[in-house]
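Me: I would like to learn how to read salt bridges. Could you take me through them step by step?

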Amino acid sequence: MKRVFLNAIFISIVVFAACKKKQPPQNTEVPVNLYKVKAKPVLYYDQYPSTTAALSQVTLLPQVQGAVTGIFFTEGSQVKKGQKLYEIDKRIYQDSYDAAVANRKVTEGTLLQAQQDADRYEYLNKYNAVAKQLYDHAVITLENAKSQVQSANQAVKTARTNLNYAEVYAPFDGTIGLSQVKLGNVVTPGTTVLNTISTNDPMAVDFVVNEKQLPKFERLQQAKHEPTDSLFTILLADNSLYPINGKISVIDRAVNSQTGAITVRLVFPNPKGMLRVGMSCVVRVHNQEAGPQIVVPGKAVVEQMGEYFVYTAQDSLMNNPKAGADSVKNKIKKLVALQKKVQVGETIGANMIIKSGINNGDRVIVDGVQLLHDGSKITTANKVGPSAGGKGSR
C-alpha cells in the first residue's frame, strides 16, 4: 500500500513538470501606438476667465431726506443725461427756500436804510455838524447790514440747493437698473440707495494675468491693430463667439503683491446691448507665434511632479536567442521606449503644443504609456480597439 502511494506522488510530480515545460515564454513587449511628429502651422488662443464691466457706473444716493413722491423712468431702460428720475417730497424745501428769499429782502431793506443813514452822517461829519460817535455808529451799522445781506444770500443758495436735490437727475447717458425704493419710501441722505446707472456702449471686459505675462500685454497695447483684427475676442457664457473684436484699453497701475497678478481691461463696442455689466465670459488672445510648431496628442504627455515627459520609440539591436553563433544573425531589431523631458505649450483640444524636447520625425508613443519606463521593450503589433487610436505604425 505504501509503494502504491509513493508511485502516485512520483507520477504527479512528473506530470506537473511536463506541463510546466509546455508553457510558452511570456512576452515582455508592451503593445503601443505610435504618432510620427511633424511640425505644422497652428492656430490657437490663450484663454482667460473675465467679467464685463461698465466704463462709467454710478450709484444714485439722495442728498436730502424725505418721502419719494415721484418715479419718472422705466426700470432697465436707457436714460439720457439730465433726465428726471426721482422726486423727493419738496414742500419743506420749497418753504425753506421761500423763507430764505423773504429774509434776504428784509436784509436788503435794512442795508438800504443803513446806507442812507451813513451817507447823511458822513455829509454832516464834514462840517462838524454831528457828534463823532453817531457817525462811527452809522458806519458800523452799514457794514453789519452788508454782512447780513451776504449771509442771507448764502442761505438762499443753500435752500435752493436743497430744493434742487429733491429732484434726482441722470448724470450721463446709460442704462438704469431696478429701483431700490418705491413711492412713499422715506430716504436718508447718503445712505439709501435709489438706483444704479451704467454705460453700456462701449463695454469693458476685465481679466487677470500673471506678472510674467505683463511684458507681452504691454507690447500688445503699444502695437497698432486694425479695427477688424481678431487679436482679442470673447466667448459668452453659452460658448458663442461675440461678433465684434475688442482692443486693450487699460493695464492696471500695479501688480498685486500677494497674488502676483495684474488686471487688464479690454473695450468692446456694444451697439446691440448684447453685453451687460457683470457677465462672465472668456477672453481669447490670438497667438502671435509664427512658423510651424510641434503638436502631439495630449494623452502622450505624462506629468511627474510638475515636469512633463513623452516616450519616443527607437530601434535597437538585441541578441536573437534562436540564431546560431553567427554574429550577424545573432542580432534582431527591436523597438524600445525612451523617456524625454519636454517643455509644453498651449493645449488645443485633445492635443498639446511641445516647445522643446522632441524633433520632427520622432515617433511618440500615444497609447500604453502608463505601462512604460525608460528602456521598455515595445511592439506595435496586435494593438487594436477604438480607444487605442488605430493600428500603430513603425
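Reply: Start with the helix term. Helices (H or I, at least four residues) and strands (E, at least two) are DSSP runs, numbered from the N terminus. This is a predicted model: local features need pLDDT of at least 70, side-chain atom pairs count only at pLDDT 80 or more, and totals for chains, interfaces and linings use all residues. Residues are numbered from 1 along each chain as its sequence is written, and side-chain values use heavy atoms, with hydrogens and water left out.

Me: What is a salt bridge, and how many salt bridges does a search of the whole structure find?

Reply: Side chains of opposite charge can pair when their charged atoms come close. The cut-off is a side-chain nitrogen of Lys or Arg within 4 Å of a carboxyl oxygen of Asp or Glu. The search finds 13.

Me: Where do Lys146 and Glu143 lie?

Reply: Both are in helix H3 (residues 132–165). They sit 3 residues apart, about one turn of the helix.

Me: Which parts does the pair Lys340 and Asp362 tie together?

Reply: Lys340 forms a salt bridge with Asp362, with 3.7 Å between the closest N and O atoms. Lys340 lies in strand E20 (residues 331–348), and Asp362 in the loop between strand E21 (351–356) and strand E22 (363–367), so the pair ties together parts 22 residues apart in sequence.

Me: Is Asp362 buried or exposed?

Reply: Buried means under 20% relative accessible area, exposed over 50%, partly exposed in between (1.4 Å probe, protein chains only). Asp362 has 17%, so Asp362 counts as buried. Lys340 is partly exposed, at 27%.
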